[in-house]
Amino acid sequence: MSNKQLLFLLLPCLVACEFNSESRNNGGVRQASQTIKLDEVETVKTDISMKAGRLTVKGGAENLVDTDITYSHEDWQPEIEYTSTGNTGRLRIEQPDINNFNFNIGDDDANNWIIQLNDALRQDLNLSIGAGETEIDLRGLKLNSVSLDAGVGEHSLNLANTSLPDLTVNAGVGEVSIDLSGQWYNDLDAEVNGGIGELNLLLPREIGIRIEVNGALGSVNAPELNKDGRVFTNDLYGESKYVISLDVKAGIGSVNISLE
């Protein structure tokens with residue numbers, strides 16, 4: 001990493017956090033591990049944006065965030081900024097603006113991000129990937145809201161037992177799987193915009209469910225739900241204290257809904 005790059009990474013954090021960074025070059029594949037230490041914030045607004053590659057986001061960080069980045073081109077190294085005001089922090093991890101970026105990563109290329117977030121902090125999490133794979137496992141995190149823009153590829157979002165109140169998913173071409181199973185202690189209002197491909201939803205049995213599906217030109221498979229036109233409900237809808245409400249706007253493909 002050049003001094004100029006290191007200075008860029010350090011500047012936003014000088015007054016707000018302690019930033020540790022390590023960079024290595026192993027035979028053309030670069031690896032960078034970066035850490036931002038905890039400060040006094042209670043909530044973090046986190047934006048993660050990758051153009052193409054494999055993105056893994058999970059909890060378990062002892063710090064505010066721990067990252068392990070593997071990339072094969074120097075200008076692919078993500079930009080990381082963190083600032084805080086009062087009880088709120090703002091974290092941005094983003095692929096830099098690259099002219100003529102090739103979304104078709106070859107066999108000899110790598111762009112893999114592993115990002116660990118702190119379980120104790122409340123998160124407003126915005127995720128975006130242009131093409132590739134995502135494995136987003138947010139179990140154990142305290143979540144105010146989650147937004148996922150998933151382009152071309154295969155994407156997995158695990159929100160089991162998070163009792164998340166606000167969810168938005170925009171899917172492009174490929175397969176998206178969303179796990180909302182487990183215990184819920186509040187209502188969930190969610191919007192899922194599906195593209196061309198397959199949408200898989202796993203929902204809990206012990207809470208009221210209402211799903212409205214519009215625009216699907218393929219099939220809607222929901223064998224355990226009651227169907228009324230484009231609206232699907234379970235027997236607990238209207239009876240349970242809390243409700244999961246999903247507004248699904250699907251493109252060409254299938255919507256598969258199962259209960260656990």
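**Reading a predicted model, value by value**

Q: Which strand holds Asn112?
A: Asn112 sits in strand E7, residues 111-117. Strands (E, at least two residues) and helices (H or I, at least four) are DSSP runs, numbered from the N terminus. This is a predicted model, so local features need pLDDT of at least 70, side-chain atom pairs count only at pLDDT 80 or more, and totals for chains, interfaces and linings use all residues. Residues are numbered from 1 along each chain as its sequence is written, and side-chain values use heavy atoms, with hydrogens and water left out.

Q: Why is Asn112 called partly exposed?
A: The relative accessible area of Asn112 is 33%. Buried means under 20%, exposed means over 50%, and partly exposed lies in between (1.4 Å probe, protein chains only). Asn112 therefore counts as partly exposed.

Q: What does Asn112 touch beyond four places in sequence?
A: Asn112 touches Arg54, Asp68, Ile69 and Thr70. Contact means heavy atoms within 4.5 Å. Asn112 and Ile69 are 43 residues apart along the chain, yet their C-alpha atoms are separated by 5.9 Å.

Q: How do you know whether Thr56 is buried or exposed?
A: Thr56 has 13% relative accessibility, so Thr56 counts as buried. Thr56 belongs to strand E3, residues 43-58. Leaving aside neighbours within four places, Thr56 is in contact with Trp113, Ile114, Ile115 and Glu135.

Q: Why does Glu154 count as partly exposed?
A: Glu154 has a relative accessible area of 49%, so Glu154 is partly exposed. Glu154 lies in strand E9, residues 142-158. Not counting residues up to four places away, Glu154 touches Gly132, Glu133, Thr134 and Glu175.

Q: What makes the phi of Asn161 and of Ser163 worth a look?
A: Asn161 has a positive phi of about 65°. Ser163 also has a positive phi, near 50°. Most residues other than glycine have a negative phi. Asn161 is in the loop between E9 and strand E10 (166-171). Ser163 is in the loop between E9 and E10.

Q: Why is Ser163 called buried, and Asn161 partly exposed?
A: Ser163 has 9% relative accessibility, so Ser163 counts as buried. Asn161 has 49%, so Asn161 counts as partly exposed.

Q: What makes a set of residues a nonpolar core?
A: A nonpolar core is a set of buried Ala, Val, Leu, Ile, Met, Phe, Trp, Tyr and Cys residues joined through side-chain atoms within 4.5 Å. The largest nonpolar core has 60 residues. Leu91, Leu138, Leu167, Ile178 and Ile211 touch the most other members. Beyond four places in sequence, the contacts of Leu138 include Val57, Leu125 and Leu143.

Q: How many cavities of 30 Å³ or more are there, and what makes a space a cavity?
A: The count is 1 cavity of 30 Å³ or more. On a 1 Å grid over the protein atoms alone, a cavity is a set of points where a 1.4 Å probe fits but cannot get out, and lining residues have an atom within 4 Å of a point. The largest cavity holds about 120 Å³. Its volume is the space filled by probe spheres set on the points, with grid points joined across faces, edges and corners. Of the 18 lining residues, the closest to the centre are Gly194, Gly195, Gly197, Glu198 and Leu199.

Definitions and conventions: On a 1 Å grid over the protein atoms alone, a cavity is a set of points where a 1.4 Å probe fits but cannot get out, and a pocket is an open set with protein on both sides within 12 Å along at least five of seven lines; lining residues have an atom within 4 Å of a point.
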